[in-house]
Amino acid sequence: MAQYQHHLDGIFQALADPTRRAVIGRLGRGPASVGELAQPFDMALPSFMKHIHLLEETGLIRTRKSGRVRTCEIDKARFAAVDGWLGEQRAIWEGRTDRLEQFAIAATNKELKS
Amino acid sequence: MTLDPERDLEITRTIKAPRSAVWAAWTNPASFEQWWVPAPALCKVETMDVRPGGALITRISEGGSPFGPHLSACYLEIDPGKRIVFTNALVGGYRPAEQPFMTAIITLDDHDLGTAYRALVMHRNPDDQKMHRDLGFYDGWGTVAAQLAALVEN
């Protein structure tokens with residue numbers, strides 16, 4: 001469980017950034033070089049590389065270097081095992097729990113006042 | 001119950017309300033309708049027969065559309081005030097369902113602040129995820145990622 005939470009935390013952290021979401025979005029269509037990925041962003045290459053490294057550390061992407069070109073691709077296994085479908089389910093149940101909590105607290109407060 | 005990280009979800013929360021209030025929110029149809037689906041969608045409880053073998057059927061209306069199917073499940077265990085187990089692998093009266101998907105175990109315990117709440121949701125298999133992907137998961141990825149991010153940022 002702890003291991004799983006660690007993965008989730010990392011994945012959520014990685015996805016909380018718009019640049020990294022855009023990179024994942026692009027890689028969802030297939031592998032791409034770092035140069036190609038960096039092109040849409042007005043950002044120095046070292047800054048962009050930090051995003052790539054974080055995604056790689058989280059296990060969301062894999063990279064391989066061939067000559068001077070580093071190619072990135074989504075690690076489908078990570079998404080498959082932990083995120084996609086499961087993340088969606090989690091969001092549903094988390095939201096439900098949030099609302100249940102609010103409802104139960106409000107109902108209790110109302111009862112205390114009356 | 002052992003959690004399988006490939007298939008299960010566990011949500012735990014301390015709710016600052018007594019167990020009786022949380023139990024009522026789960027077992028009173030008018031209350032249940034108020035939190036079961038996210039606003040602005042509306043929920044209607046069609047059947048809530050809180051006993052083992054009893055049906056739990058909810059309907060949903062999104063964007064003002066007519067109410068359509070949402071959940072059709074069967075309660076498996078009821079320990080009043082403490083525990084609810086239900087599954088949509090069965091419908092009311094323990095009859096097998098068309099599309100089994102999950103079993104949920106809701107546990108309420110006393111806590112200094114109110115209620116220790118735990119929802120364990122078990123799914124059939126990780127292959128359901130593959131099906132989801134084949135249905136265009138990667139095309140919809142931007143949306144899913146944004147939703148996930150919104151979840152953590154809030």
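In what order do the seven strands of the open sheet in chain B come? Let me start there. The order is β1-β9-β8-β5-β4-β3-β2, with antiparallel pairing. One caveat before I go on: this is a predicted model.

So, the edges of that sheet. In chain B, β1 (8–15) and β2 (42–48) each have a single partner strand, so one side of each is left without a neighbour in the sheet. On average, neighbouring strands here are turned by 20° against each other, direction ignored. Then there's helix α1 of chain B, residues 19–27, which packs on the sheet. That helix touches β1, β2, β4, β5, β8 and β9 (114–123), and its direction makes about 155° with that of β8(B).

β5(B) and β8(B), the latter being residues 102–111, run antiparallel and are joined by five bridges. If you want one pair to look at, take B:Val85, whose bridge partner in β8(B) is B:Ile105.

Both of those residues come up again with B:Leu76, which sits in strand β4 of chain B, residues 68–79. B:Leu76 is 29 residues from B:Ile105 in sequence, and their C-alpha atoms are 9.5 Å apart. B:Val85 is one of the residues that B:Leu76 touches, beyond those up to four places away in sequence; the others are B:Pro52, B:Phe86, B:Thr87, B:Leu90, B:Tyr94 and B:Thr103.

Now compare the loop between β5 (83–87) and β6 (90–91) of chain B, where you'll find B:Asn88. Is B:Asn88 buried or exposed? Buried, with a relative accessible area of 14%; the cut-off for buried is under 20%. What does its side chain reach? A polar atom of the B:Asn88 side chain lies 3.1 Å from the backbone nitrogen of B:Phe101, and the side chain also gets to the backbone nitrogen of B:Met102 at 2.9 Å. Leaving out neighbours within four places in sequence, the contacts of B:Asn88 include B:Leu71, B:Ser72 and B:Ala73, along with B:Gln99 and B:Pro100.

Okay, over to chain A. Here we have six helices and three strands, running α-α-β-α-α-β-β-α-α from the N terminus on. Of the 114 residues in chain A, 47% are buried. Its accessible surface comes to about 6,100 Å², and carbon and sulfur atoms account for 51% of that.

The three strands make an open, antiparallel sheet in the order β1-β3-β2. That puts β1 (32–33) and β2 (61–66) of chain A at the edges, each with a single partner strand, so one side of each has no neighbour in the sheet. β2(A) is joined by six bridges to β3(A), residues 69–74, and the two run antiparallel. A:Arg64 stands opposite A:Thr71 in β3(A).

Two helices to look at against that sheet. α2(A) packs on it, touching β1, β2 and β3 of chain A, at about 85° to the direction of β3(A). Helix α4 of chain A, residues 45–58, lies across β2 and β3, running at about 120° to β2(A).

Last stop, α2(A) itself, residues 18–27. Its buried residues are A:Thr19, A:Arg20, A:Val23, A:Ile24 and A:Leu27. Looking down the axis of α2(A), the buried residues fall within an arc of 135°, so they line one face of the helix. And at the N-terminal end of α2(A), A:Asp17 is the cap, with a side-chain oxygen 2.9 Å from the backbone nitrogen of A:Thr19.

Technical notes:
Residues are numbered from 1 along each chain as its sequence is written. Chains are lettered from A and ligands numbered from 1 in the order in which they are written. This is a predicted model: local features need pLDDT of at least 70, side-chain atom pairs count only at pLDDT 80 or more; totals for chains, interfaces and linings use all residues. Side-chain values use heavy atoms; hydrogens and water are left out. Buried means under 20% relative accessible area, exposed over 50%, partly exposed in between (1.4 Å probe, protein chains only). Helices (H or I, at least four residues) and strands (E, at least two) are DSSP runs, numbered from the N terminus. The arc is that of the directions from the helix axis to the C-beta atoms. A polar contact is a pair of N or O atoms within 3.5 Å; within protein, one must be able to donate a hydrogen and the other to accept it, and residues adjacent in sequence count only if both atoms are side-chain atoms. Contact means heavy atoms within 4.5 Å. Accessible areas come from the Shrake-Rupley method with a 1.4 Å probe; for residues, only the protein chains shown count as cover. Two strands pair if DSSP finds at least two bridges between them. Axes are lines fitted to C-alpha atoms, for helices over the stretch in contact, and angles run from 0 to 180 degrees between N-to-C directions.
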